[in-house]
Amino acid sequence: MIVCKFRLDIFYSRLGNQQFNHMPIKLPTAGICDFITNLHNNYAEIAKFVVNFPKRGECPIKIREMYIFDTETPNELVPQGVIKIGLWKGLVRCYLHAKEFRLDVFYSRLGNQQFNHLPLKLPTAGTCSFWDNLHAAYPEYMRIFVNVPEQGICPITPREVMLLDVEFPNEAVPKTLINIGLYKAIIRVNFTNYQQTRGIQVIFDRFEQSVGQDIMWMDLRVRKYNRTMTTLNGTVYLYQEASDDFQFQLDIFYSRLGNQQFNHVPVKLPSAGTCSFLDNMHAAYPQHMKLIGNVPEQGKCPITPRQMILLDREFPNDVVPKAMVRQGTSIMLKVTLYTLCILSATESLKVVFENFKQLTGHDIVECDIRVRKFNRTMTVLNGSFILQTWINDSIEVVTCAQRSRLGNQQFNHYPMKLPSCGCCSFFDNLQTTYGKQTKTISNLPAIGECPISPRTVDLIDFAFPQEVVSQVMPRGLWKALVTARQNGKVVVTYYFLVKGTYVVCIKVTFESFEQTNGEDILLCNLRVRKFNRTATVLNGTIHLFREARNDVQFKVDMFYSRLGNQQYNHLPMKLPSSGVCDFINNLYTVFEEFTEMITNLPNKDECPISVRDMHLLDQEFPSNIWPRSMHRPGLWRLDISGKLNNKPQVEFNIGLKVTND
């Protein structure tokens with residue numbers, strides 16, 4: 001029988017970001033029987049929705065299984081004083097009562113693991129008394145222990161007690177035990193007023209990097225070190241300077257059966273920039289950071305390109321939170337590590353020209369430049385700079401950068417510019433720093449030429465050079481204002497606008513389409529075909545045979561196969577379940593590109609939806625709508641189902657393939 005006390009602690013996260021604060025609210029600590037009686041007295045609603053819950057006053061409580069089926073949280077139980085919007089967590093702890101050591105001896109005459117309990121034991125005693133008894137009865141054998149507690153010491157401080165190449169002391173065996181066979185001794189420890197603890201061993205299982213090898217390549221592998229331990233070996237190559245512009249986050253998933261069916265666990269390190277993330281690691285786990293060769297020092301930012309080395313590093317068991325220890329007295333957790341996603345590892349900033357305009361100074365230089373569309377995704381500059389007179393360093397050129405985050409012409413000054421200098425020095429600096437990019441501009445002044453003679457400088461289909469874009473440059477509409485001053489007076493002014501947008505570095509293509517139910521209501525006569533060497537498209541017609549209303553609830557479930565071998569894991573990401581009209585309205589609001597693919601799709605806010613045929617003709621999947629959190633190469637499956645009164649009416653699935661080629 002277990003005799004223990006229960007207590008409930010409550011934690012609150014205002015932002016719902018798993019950063020919890022301990023609240024001074026709790027149920028009174030009590031024995032398990034009193035704890036359940038208190039629930040019956042004060043929260044009878046809880047006892048009603050738990051099947052086979054112990055009755056009021058029942059003590060001791062018999063062994064049983066209790067069930068909860070589709071039960072909502074009873075809102076009326078929440079005290080008025082704690083009604084705050086956010087995330088709440090209740091932690092129930094059980095504290096055991098007995099504290100003693102005992103030794104039981106078992107004997108197997110044939111050595112076949114069929115043991116009989118022998119009536120021999122050391123006297124049951126508390127921890128200090130147990131060690132004192134060993135000192136008193138077996139002083140000569142206590143010397144084989146290194147760092148054993150001395151006789152009379154109580155309480156015993158935390159320590160490591162070691163044995164090194166020690167044989168079993170035969171002379172310590174009582175004469176009554178001189179029988180040939182197999183013996184087993186079990187030492188049991190019962191705790192009093194201490195929270196129950198469980199021993200765990202955590203080992204690396206595998207390591208995989210899915211994206212970002214061009215920024216940081218983690219060339220690491222897990223290898224078997226000995227019979228019971230695995231280690232991490234390899235090198236982490238940082239190719240680019242890193243600062244807090246790169247955000248790191250850690251998500252943890254748990255598979256109880258170890259069968260790759262993972263559930264998201266609400267345990268994480270706080271999301272932070274690269275420098276702050278490493279500083280937090282130094283502060284929280286200093287002894288473990290020392291094991292990584294050439295790791296950036298605490299407080300260093302930005303972090304310079306480097307190689308960091310791990311050599312035979314086992315997983316540090318002491319960093320595993322006790323809340324992650326599952327049922328069992330001895331558990332081995334296999335830890336699967338994945339690289340932490342850097343935001344810009346799966347997407348890059350593409351900059352294109354938007355506009356060019358000269359404001360003043362036509363008598364000195366005529367900027368006959370215009371922006372034109374070169375193809376579907378790129379714009380270019382075409383035209384000439386016509387220099388009307390001789391110029392030298394007496395005319396100073398100043399650049400100024402401004403940014404509009406929303407692209408609505410509301411610009412804010414941005415602290416980024418080319419150095420202010422005279423005209424000759426400006427052109428020299430431009431060709432020295434950006435020589436590769438200026439080669440396509442004809443008739444530029446030669447480096448060192450000053451004064452600069454009148455001339456015409458031509459730009460033909462000049463696209464914005466993407467390689468000069470700073471990694472810290474955010475997206476939005478940018479204005480570069482160029483001003484020339486002579487003796488403090490503005491003589492030439494022009495500006496050009498560029499637009500920076502994130503370009504997804506992954507490609508999502510249709511893989512399959514299959515309808516499994518509901519052809520009499522909604523017939524999806526669609527098929528996936530190969531359009532060219534790199535693209536697949538969806539073609540066909542969707543026939544709606546009945547009028548549809550919001551009483552038909554649609555939902556989307558997402559499944560992911562990392563290896564593309566049809567072994568799918570259910571992911572906790574989905575579109576919100578809603579009526580068919582609201583479902584289509586949500587598509588218009590969030591995924592407008594998807595709605596443009598379908599001809600004769602119901603209009604936004606149209607409800608009920610009339611009988612119709614909807615067509616798709618050579619439609620590729622719009623990769624830019626794929627969420628960042630799902631930028632993982634592999635095979636994806638979207639299961640879409642419509643239910644009426646909780647009964648399936650329509651079901652179909654879409655197979656997608658994600659690559660980062």
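This is a predicted model: local features need pLDDT of at least 70, side-chain atom pairs count only at pLDDT 80 or more; totals for chains, interfaces and linings use all residues.

Student: What makes Trp 626 count as buried?

Tutor: Buried means under 20% relative accessible area. Trp 626 has 6% relative accessibility and therefore counts as buried. Trp 636, at 0%, is buried by the criterion as well.

Student: Which residues does Trp 626 touch, leaving aside those up to four places away in sequence?

Tutor: They are Ile 506, Val 508, Phe 621, His 631, Trp 636, Leu 656 and Val 658.

Student: Why is the pair of Trp 626 and Trp 636 called edge-to-face?

Tutor: Two conditions are applied. Ring centres must lie within 6.5 Å for a pair, and planes over 60 degrees apart count as edge-to-face. Here the centres are 5.4 Å apart and the planes stand at 85 degrees, so the pair is edge-to-face. It links distant parts of the chain, since Trp 626 is in the loop between β32 and β33 while Trp 636 is in strand β33, ten residues apart. Ring pairs also join these two tryptophans with Phe 510, Tyr 560, Phe 594 and Phe 621 in a cluster.

Student: How do you know that β27 and β28 pair?

Tutor: Pairing requires at least two bridges between the strands. β27 and β28 have nine bridges, in the antiparallel sense; Val 528, for instance, has Leu 538 in β28 as its bridge partner.

Student: What makes β27 and β32 edge strands?

Tutor: The open sheet has three strands in the order β27-β28-β32, with antiparallel pairing. β27 and β32 each pair on one side only.

Student: Why is Thr 230 called buried?

Tutor: The limit is again 20%, and Thr 230, at 13% relative accessibility, therefore counts as buried. Thr 230 is found in strand β10.

Student: What makes the approach of Thr 230 to the backbone oxygen of Phe 204 a polar contact?

Tutor: A polar atom of the Thr 230 side chain lies 2.8 Å from that oxygen, and the cut-off for N or O atoms is 3.5 Å. Phe 204 is also among the residues in contact with Thr 230, as are Ile 203, Val 222 and Glu 314.

Methods:
Residues are numbered from 1 along each chain as its sequence is written. Side-chain values use heavy atoms; hydrogens and water are left out. Helices (H or I, at least four residues) and strands (E, at least two) are DSSP runs, numbered from the N terminus. Buried means under 20% relative accessible area, exposed over 50%, partly exposed in between (1.4 Å probe, protein chains only). A polar contact is a pair of N or O atoms within 3.5 Å; within protein, one must be able to donate a hydrogen and the other to accept it, and residues adjacent in sequence count only if both atoms are side-chain atoms. Contact means heavy atoms within 4.5 Å. Rings of Phe, Tyr and Trp (its six-membered ring) pair if their centres lie within 6.5 Å; planes under 30 degrees apart count as stacked, over 60 as edge-to-face and the rest as tilted.
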